[in-house]
Amino acid sequence: MNGIHDMGGMHGMGPVVPDPDEAPFHEPWEGRAWGLLRAMGPFRTGRRRNFRYEHEILPPVDYLRMRYYERFIHVLVGRLLEDGIITQTELDSGQPDAGSPRETPRLTPAMVAEQLARRGSMRRDDVQVPAGFQVGQRVRARNIHPVGHTRLPRYVRGREGAIVRDHGVFNLQDTDADGYSLGENPQHVYTVRFAARELWGDQAARQDAVFADLWEDYLERP
Amino acid sequence: MLPGGEAELTRGNISGVSGLTEARFISRSETLFVLNATSRWVYAGRLRIAEHGGERVADSSKGRVNRRKFLGSAAASAATLVTHPQVIRAQEAPAADHDHQVVPSDPALRVKALESLLVEKGMVDPAALDAVVDTYETKIGPRNGARIVARAWVDPAYRQRLLTDGTAAIAEFGYGGSQGEHMVVLENSPRVHNLVVCTLCSCYPWPVLGLPPTWYKSAPYRSRAVIDPRGVLREFGLELPGEVEVRVWDSTAELRYLVLPERPAGTENLGEDELAALVTRDSMVGVAKVAPPAAGGQA
């Protein structure tokens with residue numbers, strides 16, 4: 001979707017504020033939020049909506065206002081309610097509903113290292129999909145505007161570049177307008193080099209470039 | 001003016017929350033948390049707060065809170081509002097307060113309430129959360145990446161493996177897993193400077209750099225790294241000569257990027273561990289160079 005999250009090339013967001021010594025979590029609640037997200041993941045059932053898309057559909061004013069882990073917690077609570085893992089009454093009261101079954105934690109301290117070491121790869125080394133483009137070939141990012149989750153940023157759409165690397169076959173991550181996957185749709189992912197001037201005009205330095213990793217469906221022959 | 005009436009808040013019960021001792025109003029019109037008798041912060045609905053007749057008044061807009069009860073006997077008291085204005089970080093409710101702008105904004109309280117509920121339901125083991133936090137605070141972080149960089153500086157064969165197949169070379173150190181499945185390493189040189197961003201989100205190579213810093217996830221960095229990388233680098237204190245080629249890598253798919261910074265001058269006699277100590281997180285994202293040891297190792 002053409003949402004606030006698709007920020008590449010925007011102005012007006014202010015200066016970057018570097019912090020060379022920043023801790024992973026500024027305040028304890030950030031670490032707890034991160035942990036809760038991981039601990040509750042195994043309780044999900046049924047079809048899963050795309051996690052990133054659930055952030056992307058936040059009202060822009062909230063997306064910009066909320067802190068990073070605050071967005072996570074917002075999405076987590078929405079999911080827990082939607083999946084019936086908690087009820088609104090429980091959220092309001094802070095107590096389990098009378099008669100609700102007592103569960104067993106599905107993330108134990110001993111499992112944490114193993115969970116983080118697990119590969120969550122979307123690469124499909126198990127399928128043979130022919131590559132539509134070769135390294136060195138000129139391509140154009142398609143001028144399309146999907147309404148669901150997509151990994152084709154607006155600032156490259158309609159722009160020409162060159163394939164610099166073929167990373168093999170990955171499942172497409174795009175979703176429908178409700179955030180559900182459009183299917184595995186395995187296809188090649190390429191790194192495409194766009195000259196900075198192709199994207200931004202003469203204000204950019206002649207030799208500079210931006211590289212984006214794009215699924216084959218995002219590309220066409222110029 | 002407030003929809004649905006206005007009332008002063010008084011000590012009492014809210015929707016079955018007894019023994020109320022304190023209430024906190026969170027940001028603009030949105031959330032009320034109350035501290036109940038068991039010292040648990042619980043979410044008690046959305047609020048609208050406004051000046052009325054010289055006093056601050058509040059109204060729960062949350063349907064599930066019994067509004068009549070709430071208005072009649074509810075939380076805290078006007079005294080709290082008057083004597084502890086710092087607990088009320090509230091602004092006027094906007095005229096068009098959309099229902100979908102539902103996000104309470106004292107996340108600390110919200111997270112605490114949620115954790116306590118999920119522990120009560122038997123779904124969360126607090127010790128597992130401790131383990132997650134500990135992992136990211138002490139085990140996974142930029143020191144991992146610094147070891148990779150230092151090895152590449154002293155071992156040309158390793159450097160070559162790293163640039164050819166980043167994932168495999170990084171796995172030689174035992175680093176891999178979530179958000180490091182497909183690693184690409186980019187080598188900086190006097191002629192080429194690489195910079196990594198994720199314009200759409202916050203993608204970052206966790207196994208070698210840990211969780212991303214706030215600036216990396218921020219709108220200013222995500223918006224401008226692609227259109228004005230030299231300006232962004234200047235904000236990090238790095239002025240690149242005009243002839244240098246700047247390459248910005250937007251992590252839009254499943255690849256994750258690590259920058260191999262230039263080895264600083266004057267480090268010929270340093271060992272691998274000493275070199276690793278010079279390597280900063282920022283240099284491995286490409287927003288800084290590694291400073292020589294004379295400058296204290298700070299980029």
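**Conventions.** I number residues from 1 along each chain as its sequence is written, with chains lettered from A and ligands numbered from 1 in the order in which they are written. As the model is predicted, local features need pLDDT of at least 70 and side-chain atom pairs count only at pLDDT 80 or more, whereas totals for chains, interfaces and linings use all residues.

**Strands between chains.** I noted that S4(A) runs parallel to S8 (residues 245-250) of chain B, joined by four bridges (pairing requires at least two DSSP bridges). A:Ala212 stands opposite B:Asp250 in S8(B).

**Strands within chain A.** I saw S2(A) pair in the antiparallel sense with S1 (residues 138-141) over three bridges and with S3 (residues 187-195) over six bridges. A:Val139 has A:Gly161 in S2(A) as its bridge partner; for A:Asp166 the partner is A:Tyr190 in S3(A).

**Core.** I looked up the largest nonpolar core, which has 77 residues (buried Ala, Val, Leu, Ile, Met, Phe, Trp, Tyr and Cys joined through C-beta atoms within 7 Å; buried: 20 or more other C-beta atoms within 10 Å). Among those with the most contacts inside this core are A:Val210 and B:Val248. Not counting residues up to four places away in sequence, A:Val210 touches residues including A:Phe194, B:Val226 and B:Val248.

Technical notes:
Helices (H or I, at least four residues) and strands (E, at least two) are DSSP runs, numbered from the N terminus. A residue is buried if 20 or more other C-beta atoms lie within 10 Å of its own, exposed if 12 or fewer, and partly exposed in between; C-beta atoms are placed from the backbone. Two residues are in contact if their C-beta atoms, placed from the backbone, lie within 7 Å.
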